[in-house]
Amino acid sequence: MTLLDAFLPVFQFRERHSVVIAATPARIFEALSARDLLGDDRIVRAMLAVRSAPAVLWQKLRAAPPPANASFGMHSFVPLGRDGDREMASGLAGRFWRPDGGLHVFGESDAVARAEAFRRFAEPGVAKLVLGFACVPDGPNTVLSTETRVCCPDLHSRVLFTPYWYAIRLGSGFIRMRMLRAVKRVVESYPQTPMSSRM
């Protein structure tokens, strides 16, 4: 069973992307785990700023500070686990169609407890999203793929999420592909030097 199937076996929305990288799965996962691969990406930062703008504007109109979850990126995800050099997954729960994203905060004290809390989480009207990365050896190369799944627990959340999904799907896919290409660029640019020595 994959981590995606373990944490989100039932879903209504899915998106997949992949890239071929001239490196081992171990080095690819090292790059994924050790770096904020999109932190310096101006295009991605601009897209996330646009996504966050409605929440920030709403808070300014109300003369209140923006909520802590007004913007979200990879830092907002709950690490769900890693299966060696084969797969890793992270999760997010919220009312994503709302201006502030309506993110649910999993405040458990350790990573295992947060992952389990995410797996058990089932609140009406709140969608769950799992983002997974998988590596499959292909001769001297590795196919790195990403899959995003979203489950809306009821008709109400599905009706609200569906137009949001189709509105952001191209942008979301664009960000995923930029992440995959960033991994490829980083790993293939330094094939002999451990990632940790360059951090």
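Start with the sheet: an open arrangement of five strands in the order E1-E5-E4-E3-E2, with antiparallel pairing. Strands pair if DSSP finds at least two bridges between them; strands (E, at least two residues) and helices (H or I, at least four residues) are DSSP runs numbered from the N terminus. Select 13-21 for E1 and 78-83 for E2: these strands stand at the edges with a single partner strand each, so one side of each has no neighbour in the sheet. From one strand to the next, the twist averages 15 degrees.

The model is predicted: local features need pLDDT of at least 70, side-chain atom pairs count only at pLDDT 80 or more, and totals for chains, interfaces and linings use all residues. Residues are numbered from 1 along each chain as its sequence is written, and side-chain values use heavy atoms, with hydrogens and water left out.

Next, select 87-94 and 127-138. These are strands E3 and E4, which run antiparallel and are joined by eight bridges. Within this pair, show Leu92, which stands opposite Leu129 in E4.

Now select 111-120, helix H4. This helix lies across E2, E3 and E4, at about 100 degrees to E2. Axes are lines fitted to C-alpha atoms, for helices over the stretch in contact, and angles run from 0 to 180 degrees between N-to-C directions. Which residues of H4 are buried? They are Ala115, Ala117 and Phe118, where buried means under 20% relative accessible area, exposed over 50%, and partly exposed in between (1.4 Å probe, protein chains only). Seen down the axis of H4, these buried residues fall within an arc of 160 degrees, so they line one face of the helix; the arc is that of the directions from the helix axis to the C-beta atoms. They pack against helix H1 (3-7), E2, E3 and E4. Val112 and Arg120, on the other side of H4, are exposed.

Move to 155-189, helix H5, which lies across E1, E4 and strand E5 (141-151) and runs at about 10 degrees to E1. Within H5, pick Arg176. Arg176 is buried yet has no salt bridge, a salt bridge being a side-chain nitrogen of Lys or Arg within 4 Å of a carboxyl oxygen of Asp or Glu. The nearest side chain of opposite charge is Glu15, 6.2 Å away; Lys and Arg count as positive and Asp and Glu as negative, while His and the chain ends are not counted. Leaving aside neighbours within four places in sequence, Arg176 is in contact (heavy atoms within 4.5 Å) with His17, Leu131, Thr146 and Thr148.

Glu188 is partly exposed at 31% relative accessible area, and Lys184 is partly exposed at 25%. For a linked set, select Asp5, Arg14, Arg16, Glu147 and Arg149, which salt bridges with shared partners join into one network.

Arg82 and Asp85 form a salt bridge (2.7 Å, N to O); Arg82 is partly exposed at 40% relative accessibility, and Asp85 is partly exposed at 32%. Asp83 forms a salt bridge with Arg86, with the closest N and O atoms 2.6 Å apart, and Asp83 is partly exposed at 30%. The count for the model comes to ten salt bridges.
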